[in-house]
Every structure is written in structure tokens, then in C-alpha cells.
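Good morning, and thank you for coming. I would ask you to look at the sequence and the structure together while I speak.

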Amino acid sequence: MVMPLYIEKKPEVLITEEGIRTDGRKPRELRPIRMTVGVLDKADGSAFIEWGGNRILAAVFGPREVHPKHMILPDKALVRARYNMAPFSTPERKRPGPDRRSVELSKVIREALKPAIFAENYPGSVIDIFVEVLRSDAGTRVAGVNAASMALANAGISMRGLVAACAVGRVENFVICDLNHDEDMWGNADMPMAMLMESEEVTLLQIDGPMTESQFKEALELGRDSIRFLYEMQKEALKRPYQVIERSVKGDL
Amino acid sequence: MSESIILVKNKEIVVPGQPLAKGKLNLGKDVYRDKFGIIRAKKLGLVDVKEDNISIVPLSGVYIPREGDITIGIISKITGSTIIVDIRSPYQGAIPIPRGRAVERVNMRKYKLKLGDVLLAKVKAFDGSSSLLLTIDMEGLGKLEGGYLLEVDPAKVPRVIGKRQSMLSILRDKTRSELIVSNNGRIWVKTPSLKELLVLEKALRKIENESHISGLSDRTSSFLSQELSN
């Protein structure tokens with residue numbers, strides 16, 4: 001018996017003339033997002049993000065002792081990040097372990113978050129960031145950055161500010177935000193970006209596919225707006241557990 | 001010139017990077033001034049404004065040692081010249097075993113230290129990155145025998161102690177136990193029976209969870225009375 005293969009088909013229309021996308025969204029509309037912090041008991045800080053079909057868990061350990069010892073930086077904390085996809089996160093089984101893509105994403109996530117951390121406050125220690133993709137549906141790197149940044153704040157690490165991220169891109173003549181799977185696969189351009197919200201500094205910007213100068217400027221502006229919105233969600237999610245306790249305590253009295 | 005605008009309420013929960021104030025104010029713990037002169041939070045925590053000082057009371061975090069801190073450590077390694085102590089921090093504590101002077105060696109040996117022993121030790125010197133010297137050679141310090149070891153988040157230690165040790169004396173009196181709270185979040189207790197220990201553990205979790213809400217001492221006090229009367 002032959003196993004049926006998973007075959008992907010390109011949708012006939014990625015975006016209609018009125019600007020309606022394959023999942024019914026408008027060009028400037030995000031997928032539904034939910035953020036939760038403090039989901040892991042054994043980690044110093046953790047966060048879980050549900051973004052469209054993505055389910056991503058982030059855990060932060062540290063500052064803790066550096067192992068192996070030769071990696072110690074005497075004047076600041078070492079920041080390590082690992083992005084990993086679960087074997088069951090994709091339609092077809094993903095071979096477990098690091099591959100080219102996850103090594104690159106680990107680097108990109110680490111570099112997106114590093115400017116936000118006051119590493120000089122913890123010399124000779126290490127901050128470990130783990131991003132585990134449980135279910136993937138386009139835009140996992142930006143969702144991972146959002147979750148990891150919340151996990152860092154949840155761990156009580158000194159930070160300049162939170163980092164929020166969102167992907168923008170182009171399908172035909174439309175500049176769109178938060179690409180879904182079809183747009184990621186068959187769209188014309190894809191541009192994930194992350195910003196350190198304190199100074200609105202861009203800490204991650206990759207681009208895959210052509211855009212004109214005016215489209216790029218429009219995409220950058222759209223990305224900034226989306227990131228500001230995500231930042232507000234992050235703030236709300238970080239404060240929520242404390243507000244829930246406060247409400248239950250005040251209800252008691 | 002003391003023009004300053006405070007952008008947040010006192011005791012409000014803020015996230016890292018959130019702007020707190022502008023102008024001339026003294027920076028306390030866990031706040032920083034960005035390049036535009038805006039004072040921002042470094043950590044997730046509660047804003048604490050006192051006169052001209054602004055600081056953050058963090059809600060979580062690891063223990064970073066400071067000179068003079070009292071810590072409770074567990075011996076993790078003994079070599080010929082040093083005793084390595086785990087103090088729940090990114091840095092390992094070291095108690096040197098003096099070489100040469102016979103008197104000191106004998107003095108050190110009198111503690112009869114072995115792997116896994118729990119020590120009450122003081123931070124003698126810390127260079128901020130790697131070398132952390134501890135000492136047990138002082139009145140009241142040394143090996144802790146018997147009792148139980150409980151842990152709380154190091155950021156919550158000031159809550160467990162309370163203003164002028166108010167919370168600590170509530171815990172001590174109500175459970176009729178011996179209690180040592182260390183800066184690194186380890187708490188050594190000797191309770192009259194197991195019941196008090198279990199109640200104490202619950203009370204500590206309650207303090208940890210509700211530390212950001214005012215009236216904590218009163219709530220803990222009534223919680224202890226209620227739990228102990230059952």
C-alpha cells in the first residue's frame with residue numbers, strides 16, 4: 001500500500017481585487033493572537049503564544065552558571081537561543097534535531113533579543129532562551145521572538161524594553177501584514193521584522209522577494225503599526241496573572 | 001530645578017522599558033535613563049516613588065550576591081583547598097580552607113563539613129563576576145543541623161521579612177518555630193510538628209503570589225490562625 005503524499009496546491013487567487021486574502025482577512029489585519037505567561041513551573045520565565053495556527057512555547061533559564069566553562073564572558077552575560085520545531089509541528093514529520101533552517105532562526109532570534117537585555121548586569125553568567133514550535137503555520141520566527149521576549153521579562157531579567165515582532169510582505173500589488181501559509185509559500189515578498197519598543201529600534205529585518213522602494217516604505221510603516229499593537233498585547237499578557245490574583249484577593253475581603 | 005513629571009501611579013505594575021518619569025529624579029534600583037532622559041523600568045515590577053527617588057520592586061528574578069548578605073548554601077564540592085557552596089545564584093560560593101597556619105586548619109576542621117551539608121554563610125567578598133568568597137567563621141554562622149529547608153523566589157525575600165521584620169515575627173510567633181530567612185531565598189525552619197511546617201509552606205506560597213497586593217501581613221496573619229486552628 002502506498003501512503004498518500006501530502007501535496008500542497010497553490011490557491012488560484014491569493015488576494016482579490018478588493019484586497020480579500022485567502023483566509024478572508026484584509027491586507028492590514030492580523031490573525032487571532034493569544035499570549036500567556038508563566039506556563040512552565042521549572043523555567044525561570046516562560047510564555048506561550050497562539051498566533052493563527054501557530055502554537056509556540058518559550059522558556060528562559062538564567063542568569064545561571066555557564067557550561068561549558070570556556071564560553072564564559074568575563075564582562076557580560078552570554079545569551080544563547082535555541083529555536084526548535086517539534087517533529088509533529090508540520091504536515092509531514094519533521095526530522096528532529098537542528099538543521100540549517102533552525103540554526104539560522106536560532107541566530108536571528110538571539111540577535112533580535114540581545115539588544116534588549118542588560119547583559120552587563122550579569123557578568124560571567126548565561127541566559128538561555130528556548131523557543132519550541134509545537135504547531136507551525138507561517139511566521140514562527142516572529143511569534144517566537146514575541147514569546148521569548150515575554151519569557152525574558154517573566155524571568156525578571158533586566159531589559160531595556162520588550163521586543164515585539166511581526167511579518168509583513170507583498171502579494172501582487174498589496175502590502176500585507178502577518179502572512180499566512182499560502183502567502184508565505186506563493187506570495188511575492190516576505191519581510192519579518194522585530195523592534196525594541198523602548199527606542200523603536202529595528203532588531204530583526206529579513207527580506208525574501210522583490211519590493212519597490214515605495215512598497216518597502218509602506219511595508220515598514222505597516223510592520224511598525226502591527227508591532228505596536230503586539231507590544232500592547234504583550235504588556236497586557238505580562239500583567240494579567242498579577243491582576244487575576246489581585247481581583248481574587250480583593251473579592252475575598 | 002526640580003521639574004519632574006511622573007508618568008505612572010505609585011505601586012503600579014510596569015513592564016521592562018515602560019516610561020516612568022521625566023526630569024530630575026534619583027534613580028533607585030532597576031530603573032535606567034535612556035538617551036532622551038526618560039526614566040524607564042528595567043524589570044517587570046511595581047513602581048516605588050519615595051520623595052525624589054524612583055525605583056522598581058521586581059516581581060521575580062534570580063539571586064545576585066552582594067557583600068554582607070547572609071545566605072543558606074549547600075556544599076556541592078570539597079577540594080583540598082576550597083569548599084564549593086551552591087547558593088542558588090549564577091555564581092558559586094567558595095570557602096577557602098587555609099593552608100599553612102595549623103591553628104586555622106584545625107579551626108576549619110572543627111565544623112566537620114561534608115558534601116550536602118547546609119551552611120549559613122556570609123558573603124565576605126564578591127567581585128561581581130566570578131570570585132565569590134563566603135565565610136562561616138562568625139558568631140551564629142556555620143552548619144545548620146536538623147530542621148527543614150524551604151525556598152521562595154529571591155525577589156520575594158523582603159516580603160517574607162516585612163517592614164521591621166513584621167512578617168517574620170508573625171510567621172515565627174504563629175507557628176512557634178525557629179526560622180532563618182536568607183537573602184538567597186532559602187528558608188531554614190524548625191517547627192514543633194509537621195503540621196506547622198505544612199502550614200508555613202502554604203503561607204510562603206501565599207506571600208509569594210500575593211506580594212504585590214497591599215495588606216499582606218494582615219492576610220497572612222489571619223491565614224495562619226485559620227489554618228493552624230483546624
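This is a predicted model: local features need pLDDT of at least 70, side-chain atom pairs count only at pLDDT 80 or more; totals for chains, interfaces and linings use all residues.

Where does B:Leu7 sit in chain B? The residue belongs to the loop that joins strand 1 (4-6) to strand 2 (13-14) of that chain. Leaving aside residues up to four places away in sequence, B:Leu7 touches B:Pro19, B:Leu20 and B:Ala21. As for B:Gln18, it is 11 residues apart from B:Leu7 along the chain, and 9.7 Å separates the two C-alpha atoms.

I turn now to chain A. Its secondary structure consists of four helices and nine strands. Their order along the sequence is β-β-β-β-α-β-α-β-β-α-β-β-α. Chain A is as compact as a globular protein of its length, because its radius of gyration, 19 Å, is close to the 18 Å that the globule rule gives for 253 residues. The C-alpha trace of chain A spans about 55 × 50 × 45 Å along its principal axes.

What percentage of the 253 residues of chain A count as buried? The figure is 44%. Finally, consider the contacts in chain A with a separation of 6 or more: 70% of them are accounted for by residues 24 or more positions apart.

Thank you for your attention.

Methods. Residues are numbered from 1 along each chain as its sequence is written. Chains are lettered from A and ligands numbered from 1 in the order in which they are written. Helices (H or I, at least four residues) and strands (E, at least two) are DSSP runs, numbered from the N terminus. The radius of gyration is taken over C-alpha atoms; the globule rule is 2.2 Å times the number of residues to the power 0.38. A residue is buried if 20 or more other C-beta atoms lie within 10 Å of its own, exposed if 12 or fewer, and partly exposed in between; C-beta atoms are placed from the backbone. Two residues are in contact if their C-beta atoms, placed from the backbone, lie within 7 Å.
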